[in-house]
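Here is a short briefing to read alongside the model. It moves from the strands to the ligand shell and then to the domains.

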Amino acid sequence: MLRTIIISPEPGIGERLGEALSGFDGAVQLCRVVDKYPDGSELARILRAHAPEVIFLSFEDTQRAVATVRYLESQSAGLQIIAFNAVCDATHLRESMRAGVREFLTDPFDEETVRDALRNVNMQLQKKPPVYESTNQIVSFLPSKAGAGCTTLAMNISAAMARGKEGTLLLTDLDLNSGMLRFLMKLANEYSLSDAVEMSAAMDENIWPQLITSKFGMDVLHAGRVNPNIRVEPTQVQSLIQFMRRNYEALVFDMSGNLERYSIEVMQESRRVFLVCTPEIPSLHLAREKMGFLKTLGVDSKVSLLLNRVQKKPPFTVAQVEELVGATVAASFSNDYFAVSRATTAGQALDPQSVIGQQCAAFAAGLFDRRPPVATGEKKSKKFLEYFNVGAQQLASQD
Ligand SMILES: Nc1ncnc2c1ncn2[C@@H]1O[C@H](COP(=O)(O)OP(=O)(O)OP(=O)(O)O)[C@@H](O)[C@H]1O
Ligand SMILES: [Mg+2]
């Protein structure tokens, strides 16, 4: 499906174009009709929310339209623009062509002309899909055994990472059966991950802020009330993650230890996976079992251990734990019942002065590198071409 946006300060013509596009249902998805020329930051938000491939841009106000074209080009290479207007006189055509826009539609929008324009831009998209900035700074936390302290570490390491970088990190509770973040962080938001999953296909910059809560300098999507019946499709998780990747610098996922399909999906997207265990035999045993399973998924190379609740005289050394589980220990965290329970009671993050608070901060500091976000192009599906009854090779040879 070709994702499109209409920018039209004159509502009537935008509506008529929308109607014309609805005739291509199944091949064209109209994500949004914007009823003005949006300013830079608004346009950037809209692009991050929808990652469109084609913008239908009104040339009613030539100057603003040209400025919009320039801005769109600076935001996403490969994004296709189709100009439209009530009339297409020499001035409009000249200005739009000068701005590098190859397609121009006039009202009324007849089906054949729209089809031709779509086919032409689609050929360009085949050669060069649009590219949007998208973070690859994704980490997930997986408990070896229930109660290993996975949520405690995920939350506090995230809070430490977010310090001084407000609003750039998203922490998501993926534990749909016993998610604790809502309680630990005293979040009152009625919306949760289930809503985000349900609305994943239509997610945008207006819905998203209602789903998350800002706490401890980060945005948090909690898991809601216990709901074992929820079905989460991999495609829903995928589109949600893509949305998150475009809108945050860093993503942290707190998982249940049940290795659900959606958790596996998230681990595959993650740059690093932290398997949280305690230095006790049952926890280490399950960590080893999980490592074995993660190996079968091919994600074992990004897994390392976080050793939690380490006492002064631990029963195993770090080297022994590594050998036993078959993974390296990325960091150790003290057993600090006092600091952890005080934070839990107060609904606060760990005291940064406490030993475990300092350990979380030190680990967080080295966690995210400063590599620029990667650019992702969305691959076009064949379906779009099939809709026009033209094979990909045919299209390429026509160009
Ligand atoms: N380093 C620590 N020192 C003392 N207590 C801790 C520590 N880490 C976690 N705890 C406590 O252990 C309990 C379990 O922690 P948490 O909920 O973080 O574990 P989990 O691995 O996420 O569990 P679940 O499998 O239920 O998701 C909590 O009561 C928490 O306060
Ligand atoms: Mg947990």
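Which handedness does the β-α-β unit made by E12, helix H12 and E13 have? The unit is right-handed, with helix H12 spanning residues 281-297; right-handed here says that, with the strands pointing away from the viewer, the path from the first strand over the helix to the second runs clockwise. Please keep in mind that this is a predicted model, in which local features need pLDDT of at least 70 and side-chain atom pairs count only at pLDDT 80 or more, while totals for chains, interfaces and linings use all residues. Residues are numbered from 1 along each chain as its sequence is written, and chains are lettered from A and ligands numbered from 1 in the order in which they are written.

**Strand E13 and its neighbours**

- Helices (H or I, at least four residues) and strands (E, at least two) are DSSP runs, numbered from the N terminus.
- Strand E12 (residues 272-277) pairs with E13 in the parallel sense over five bridges, where pairing takes at least two DSSP bridges between two strands.
- Within that pairing, Leu305 of E13 is the bridge partner of Leu275.
- E13 also pairs with strand E14 (residues 329-334), again in the parallel sense, over four bridges, and Leu307 stands opposite Ser332 in E14.
- From E13 the chain crosses through helix H13 (residues 318-325) to E14, in a right-handed β-α-β crossover.
- E13 is largely enclosed by the rest of the structure, because seven of its eight residues are buried (20 or more other C-beta atoms within 10 Å of a residue's own, with C-beta atoms placed from the backbone).

**Around ligand 1**

- The shell around ligand 1 has 23 residues, and the closest are Pro143, Gly149, Cys150, Thr151 and Thr152; a residue belongs if its C-beta atom, placed from the backbone, lies within 6 Å.
- Helix H6 (150-162), strand E13 (303-310) and helix H14 (337-346) each supply at least two residues of this shell.
- By class, the shell has 10 nonpolar, 10 polar and three charged residues (Ala, Val, Leu, Ile, Met, Phe, Trp, Tyr, Cys and Pro count as nonpolar, Asp, Glu, Lys and Arg as charged, the others, Gly among them, as polar).

- An automatic or database assignment sets the domain bounds, giving domain 1 (2-130 + 378-398) and domain 2 (134-374).
- Seven residues of domain 1 are in contact with four of domain 2, a contact being two C-beta atoms, placed from the backbone, within 7 Å.
- Helix H2 (residues 40-50) gives the most to the side of domain 1 that touches domain 2, with five residues.
- In H2, the buried residues include Ile46, Leu47 and His50.

Key. A residue is buried if 20 or more other C-beta atoms lie within 10 Å of its own, exposed if 12 or fewer, and partly exposed in between; C-beta atoms are placed from the backbone.
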